[in-house]
Amino acid sequence: MNINNIIKLVKAYFYENWQKDIYSFGLVFVLAFLSTAVGIFDSVILYGGMVALIAIYPLRYFDKLYQSSSRIHYLMIPATNEEKVLTGIILTNIYFISLIFISAILGVLLGCGVLKLTTPEMTINCKEMISRMLPSTVRSYMVIIMVVSVIFFGAIYFRKSPAWKIVLVSLAVFLVLGAIMAGTEWLNVVMTVPAEIRNGNYVRVEHSISENWEWSPYVTLCVITLYFYAMSFLRMRETEA
Amino acid sequence: MKKYTNKILIITAIVVVLGMVIGYTIDFQTGYRSGRIKYEEMQPDSDSDSLEMLIRVPRNGDIIIDTVETSRATSLQDETSSEN
């Protein structure tokens, strides 16, 4: 793996895509500003917009793979498939996600500044606004990176209309996993209320899942992310062959 | 070059499905997972007092009452101890 090739790939990417990226960052900035200063949009819409832009990004990055002429041109670029995929991972996870969040933070800060200027009688805490408008837990960011890894793999795996196929396959996977969970629960758990409770003066308040291992969601997210990136490397090598 | 991606995906799908079925079955049978149902005693006299029960209900096992917490019992105990 040659660092110079990765730098060349990054330069080539910026040469072709800088305008589209600026539009994306500008859109998030405006959404964040309007959400904060005018209160037009809910933070859910801002968050949803950011996640949608991040999710579309791998498809944009690999759009050369979807037409036969540009695919051959892309695959003939003098860099190995590992370098191409690694460049994609760096641009998606470090460059794009960071700048999307920085744009959102700047938008919220500008909105907060405007609010402070226009309504001096109100005490406004900008730091609190940022934490309210944007996700603040590590798990949220890990979920975003995991989703991106799945879309990243799909962008390489499917050659025709990858967006629809990723959505449909993801829905099918969720349906199957849900069916397995529901089926296993139905087979193993008594759904009727025990007689001693039914006859007494009790109400069912929740169907609680007992405490899990604290780190299990983080480990699961890491494993899924690494799995899909490894599969992306493998699939890219096959595409090149 | 041989194409491994599809095979790995199929193997992963089989492993995940089998793992989920076996794992959840073990969890449910041992009462670890959501076989636990929480019940609360209705207390018409007072809003604050409540009695909670966590019950494990595995299909092939006995009903196990995990915990019984009574805020009323605790407060009564406190009153008794303070009187003494």
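**Exercise 1.** Work out how the axes of α2(A) and α4(A) are arranged: how close do they come, and at what angle do they cross?

*Solution.* Start with the axes, meaning lines fitted to C-alpha atoms over the stretch in contact, with angles from 0 to 180 degrees between N-to-C directions. Those of α2(A) and α4(A) come within 10 Å and cross at roughly 155°. Angles over 145 degrees count as roughly antiparallel, so that's the label for α2(A) and α4(A). Next, who touches whom, with contact meaning C-beta atoms, placed from the backbone, within 7 Å? α2(A) brings residues including A:Leu46, A:Met50 and A:Tyr57, and α4(A) answers with, among them, A:Leu91, A:Phe96 and A:Ile100.

A word on the source: this is a predicted model, where local features need pLDDT of at least 70, side-chain atom pairs count only at pLDDT 80 or more, and totals for chains, interfaces and linings use all residues. Residues are numbered from 1 along each chain as its sequence is written, and chains are lettered from A and ligands numbered from 1 in the order in which they are written.

**Exercise 2.** Find what covers the buried residues of α2(A).

*Solution.* Buried means 20 or more other C-beta atoms, placed from the backbone, within 10 Å of a residue's own. In α2(A), A:Gly49 and A:Leu53 are among the buried ones. Their cover includes α1, α4, α5 and α6 of chain A.

Technical notes:
A residue is buried if 20 or more other C-beta atoms lie within 10 Å of its own, exposed if 12 or fewer, and partly exposed in between; C-beta atoms are placed from the backbone. Helices (H or I, at least four residues) and strands (E, at least two) are DSSP runs, numbered from the N terminus. Two residues are in contact if their C-beta atoms, placed from the backbone, lie within 7 Å. Angles under 35 degrees count as roughly parallel, over 145 as roughly antiparallel, 65 to 115 as roughly perpendicular and the rest as oblique.
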